[in-house]
Amino acid sequence: MKDKKKLIIRITWAIIILFSSYYFFRAINYRFVKEGLGPTFWNKQFWFVSHIATAVIPLITGPFQFWTWFRKHYIKWHRSLGKVYIIGCLLGGFSAIYLGITQPYPGSVVPTLILASLWLFMTSAAWITIKRKNVQAHRLFMIRSYTLTLAFVFLRILSDLVYKHNFLSFIKNEEVKDATYEWMSWVVPVLVVEFFISWLPSLKKAKSSTASR
Ligand code: HEM
């Protein structure tokens, strides 16, 4: 049973790393080769380059931070990489706010801004809780922060499903369709994760405390 769980966890991480790498290289190709970075330094070359260079850091360091073996054997590295993770999220999040406001898709502005703000909040909360030595709260905020980091991947998976596999084909208006999957890319993962790390444990707790009465 324990081995089966270990195997499932390893496969899940392998999938996350594969998808993150694939969509990162595709997004780089899209932005640098197909679309371009914009005509001038401030519009928006600086913002794209700084966003990509900083937001990729949590994508790379995230898996190391959750790896129990790594954490146990290299606690100093876990602490240093943790700081790097936080700086990447904060800088990536601030540049995402600018890119979010100025992007050419009106239906994506609000979901992008809320996503970026939540990313900044969850990451800061992970930092504050570990500074206060609250390991359990730190673990939960890191899970939330990394889930939001992965919104980068979920958004592109959904985009492929929409444009290559007829997902949401019942929505005829293209802008409504784009806004819908933009919202879905982080609302659905956040709800699923909250179900497992918060709602389900609360349900179980209520049951066990009644049983022990
Ligand atoms: C989770 C919060 C994030 C938000 C709110 C966000 C937001 C944005 C926005 C608004 C754009 C510009 C879209 C456009 O104008 O066409 C963008 C582009 C980009 N972002 Fe992020 N981002 C986030 C996380 C990440 C992460 C974790 C990565 C990982 C590397 C990343 C990589 C990129 C890349 C490569 C681009 C350029 C390609 C493109 O325009 O699609 N972002 N992001």
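The model is predicted: local features need pLDDT of at least 70, side-chain atom pairs count only at pLDDT 80 or more, and totals for chains, interfaces and linings use all residues. Residue numbers start from 1 along each chain as its sequence is written.

**Exercise 1.** Find how many residues surround the ligand, and which element gives the largest share of the shell.

Solution. Step two: two or more residues each come from α1 (2–35), α2 (45–66), α4 (75–102), α5 (106–131), α6 (135–149) and α7 (151–165). These helices are DSSP runs of H or I, at least four residues long, numbered from the N terminus. Step three: α2 gives the largest share, 7 residues.

**Exercise 2.** Describe the largest nonpolar core and the surroundings of L148.

Solution. Step one: the core has 26 residues, and L115, W119, L148, A151 and F152 have the most contacts inside it. A nonpolar core joins buried Ala, Val, Leu, Ile, Met, Phe, Trp, Tyr and Cys residues through C-beta atoms within 7 Å; buried means 20 or more other C-beta atoms within 10 Å of a residue's own. Step two: α5 gives the most to this core, 6 residues. Step three: leaving out residues up to four places away in sequence, L148 touches L115, L118, W119, M122 and W186 (C-beta atoms within 7 Å).

**Exercise 3.** State which residues make the contact of α2 with α6.

Solution. P58, L59, G62 and Q65 of α2 meet M142, Y146 and T149 of α6.

How values were computed: A residue is buried if 20 or more other C-beta atoms lie within 10 Å of its own, exposed if 12 or fewer, and partly exposed in between; C-beta atoms are placed from the backbone. Two residues are in contact if their C-beta atoms, placed from the backbone, lie within 7 Å.
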